[in-house]
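Please look over the sequence and the model below before reading on. The paragraphs after it are meant to be followed with the structure open.

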Amino acid sequence: MHERKNLYVPSKMDYVRGERPPVHCIFCAIRNENENVINLSVYQTEKFIVSANLYPYNPGHILIFPKEHVEQYRNLSAEDAAELHRLHVLCLDVLQDTYTPQGFNMGCNEGRVAGASIEHLHFHVVPRYANEIGFLDIINDDRIIVEDPRESVRKLRSAFNNRDK
Ligand SMILES: [Zn+2]
């Protein structure tokens, strides 16, 4: 795979809680390698990108999104869906090897009323653990950071790279 050389990540955890960058769409900005966004991408296929989540619910929380700005699931082609399925399976394998979770939540929210805070279609894969409280590092009242996203990116890039060999 193409290994990004210029990883831009926050230098302090409070940066993580800061304002969103001034770009129209954060996922399009990641695809375009816009230097104003924190790029947590860990893997890509022809049509999709896998990224660590800047605001993870759990260690290993990743996002899969199409490179093209698609807002509705029904605008994916059958071929896109097949690629997306293969990528989900790969992600589950990598997360299982890397984080040894006991389960997963997977899915997407389409539309603001459904909870989508970013309109560009994206799929969450959230590893679940039997004793999740043990992972939590509560750093303020309204935000829980479970693993420094820089550490997630390092682990996941290495794991995806090893799968590609
Ligand atoms: Zn977009």
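What follows is a walk through a metal site and then through the surroundings of one histidine.

This is a predicted model, and the walk begins at the zinc ion, which is coordinated by the SG atoms of Cys25 and Cys28 together with the ND1 atoms of His69 and His120, at 2.0 to 2.3 Å. The angles that these four donor atoms subtend around the zinc ion run from 101 to 117°, and the arrangement is therefore tetrahedral, since four donors count as such if all angles lie between 85 and 135 degrees. For comparison, the ideal angle for four tetrahedral donors is 109.5 degrees.

Along the sequence, the donor residues of the zinc ion follow the spacing C-x2-C-x40-H-x50-H. Cysteine 28 counts as buried because its relative accessible area, 12%, is under 20%, whereas histidine 69, with a relative accessible area of 31%, is partly exposed.

Turning to another histidine, histidine 61 lies in the loop between strand E2 (48-52) and E3, and is buried, with a relative accessible area of 2%. Which residues does histidine 61 touch, not counting those up to four places away in sequence? They are Ala52, Asn53, Tyr55, Pro56, His124, Val125, Val126 and Pro127. With histidine 124, the side chain of histidine 61 makes a side-chain to side-chain polar contact at 2.9 Å.

Methods. Residues are numbered from 1 along each chain as its sequence is written. This is a predicted model: local features need pLDDT of at least 70, side-chain atom pairs count only at pLDDT 80 or more; totals for chains, interfaces and linings use all residues. Side-chain values use heavy atoms; hydrogens and water are left out. Donors are N, O and S atoms within 2.8 Å of the metal (3.2 Å for Na, K and Ca); water is not among the atoms, so sites may look incomplete. Four donors count as tetrahedral if all angles lie between 85 and 135 degrees; four count as square planar and six as octahedral if opposite donors are over 155 degrees apart and all others between 65 and 115; anything else is irregular. Buried means under 20% relative accessible area, exposed over 50%, partly exposed in between (1.4 Å probe, protein chains only). Helices (H or I, at least four residues) and strands (E, at least two) are DSSP runs, numbered from the N terminus. A polar contact is a pair of N or O atoms within 3.5 Å; within protein, one must be able to donate a hydrogen and the other to accept it, and residues adjacent in sequence count only if both atoms are side-chain atoms. Contact means heavy atoms within 4.5 Å.
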